[in-house]
Amino acid sequence: MRRMAPLLIAALLALFLAGCGSSSNDTTNATNTITETSTPSSEPSEQTATNSSEPSTIPADNDDTEQTASLSEESLKDAATNIIELIRDRDLGSLADWIDPEQGLRFSPYAHIDTNESQLFQAGELPDFKDTTKLTWGTSDGSGEPISLTFREYYEKFVYNQDFAEAPNVSVNKLMGKGNVAFNGTETYPGASYVEFYFPGFDKAADGMDWQSLVLVFVPSGEEWKLVSIVHGQWTI
């Protein structure tokens, strides 16, 4: 029995060590299993965060923004530039496309628009340059005499008497040419905007008294600008 005791103790010790090794492996495997299981659990939170940011990339209803942009100062100036070139080229057919269909196009020889005496035409009623009919366009500054001219004569004296398409100064909703006659374009056409093509003068001896300008008055129509008046500007007595 004494001889067998050491062998029995050795066997028991071997079994004990084997049991500890198995327990350690099970613990490690369990830890790995937990780690492997928990790792995918972080993915849904990332996906949720990504999804939560997506609505900010969806454009809002921008109809009003687009309409505001279409009627911006830049678009007004572009419209005026197109029209001044049509006036220069005497392209009345294309000019008619810009005329407001409700209010027509009014010609004013001076900055103060006289709705009682100035001539008003609808889009399809502009006179021809060959028309010899004399019309009264207003009252001449200084003399007070009626301005009685054919359409061509008026055009050459009070519309394109200077090369306004090459004017050195172009302003939007602000007049550079000012005399003793007040511009009343926005009073005549509430809500209107305007563009002025301005020459500060031609003769130094005149000290700027010989300035000339052409003012195009527009009103908004839907998402477009429409022309309602062509106003000639110059120094008046």
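**Notes on the fold**

Me: Is arginine 90 buried, partly exposed or exposed?
Reply: Arginine 90 is partly exposed, at a relative accessible area of 34%. Buried stands for under 20%, exposed for over 50% and partly exposed for what lies in between, with a 1.4 Å probe and protein chains only.

Me: Before we go on, what kind of model is this?
Reply: This is a predicted model, in which local features need pLDDT of at least 70 and side-chain atom pairs count only at pLDDT 80 or more, while totals for chains, interfaces and linings use all residues. Residues are numbered from 1 along each chain as its sequence is written, and side-chain values use heavy atoms, with hydrogens and water left out.

Me: Back to arginine 90, then. Where does it lie?
Reply: Arginine 90 sits in the loop between helix 4 (73–89) and helix 5 (92–96). Its phi is positive, about 60°, although arginine 90 is not a glycine. Most residues other than glycine have a negative phi.

Me: Which loop holds aspartate 207?
Reply: The loop between strand 6 (193–199) and strand 7 (212–221) holds aspartate 207. This residue is not a glycine either, yet has a positive phi of about 55°. Aspartate 207 is exposed, with a relative accessible area of 68%.

Me: How many helices and strands are there altogether?
Reply: The protein chain has seven helices and eight strands. Of the 237 residues in the chain, 32% are buried.

Me: In what order do the strands of the sheet come?
Reply: Six strands form an open sheet in the order 2-1-8-7-6-5, with mixed pairing. Its edges are strand 2 (119–121) and strand 5 (169–172), each of which pairs on one side only. Two strands count as paired if DSSP finds at least two bridges between them.

Me: Which partners does strand 1 have, and in which sense?
Reply: Strand 1 (residues 105–108) pairs with strand 2 in the antiparallel sense over three bridges. Strand 1 and strand 8 run parallel and are also joined by three bridges. Towards strand 2, phenylalanine 107 stands opposite glutamine 119 and arginine 106 opposite leucine 120. Towards strand 8, serine 108 stands opposite valine 231.

Me: Are the faces of strand 1 covered or open?
Reply: Both faces are covered: Leu105 and Phe107 on one side, and Arg106 and Ser108 on the other, are all buried.

Me: Which core residues have the most contacts?
Reply: In the largest nonpolar core, of 37 residues, they are Ile87, Phe107, Leu216, Phe218 and Ile230. Such a core is a set of buried Ala, Val, Leu, Ile, Met, Phe, Trp, Tyr and Cys residues joined through side-chain atoms within 4.5 Å. Helix 4 gives the most to this core, with six residues.

Me: What does isoleucine 230 touch?
Reply: Leaving aside residues up to four places away in sequence, its contacts (heavy atoms within 4.5 Å) include Ile87, Leu105, Phe107, Val159 and Leu216. Apart from that core lies another, of twelve residues, among them Leu175, Ala192, Tyr194 and Val217.

Me: Which residues of helix 6 are buried?
Reply: In helix 6 (residues 151–159), Phe151, Tyr154, Tyr155, Phe158 and Val159 are buried. They lie on the same side of helix 6 because they cover an arc of only 105° around the axis. The arc is that of the directions from the helix axis to the C-beta atoms.

Technical notes:
Helices (H or I, at least four residues) and strands (E, at least two) are DSSP runs, numbered from the N terminus.
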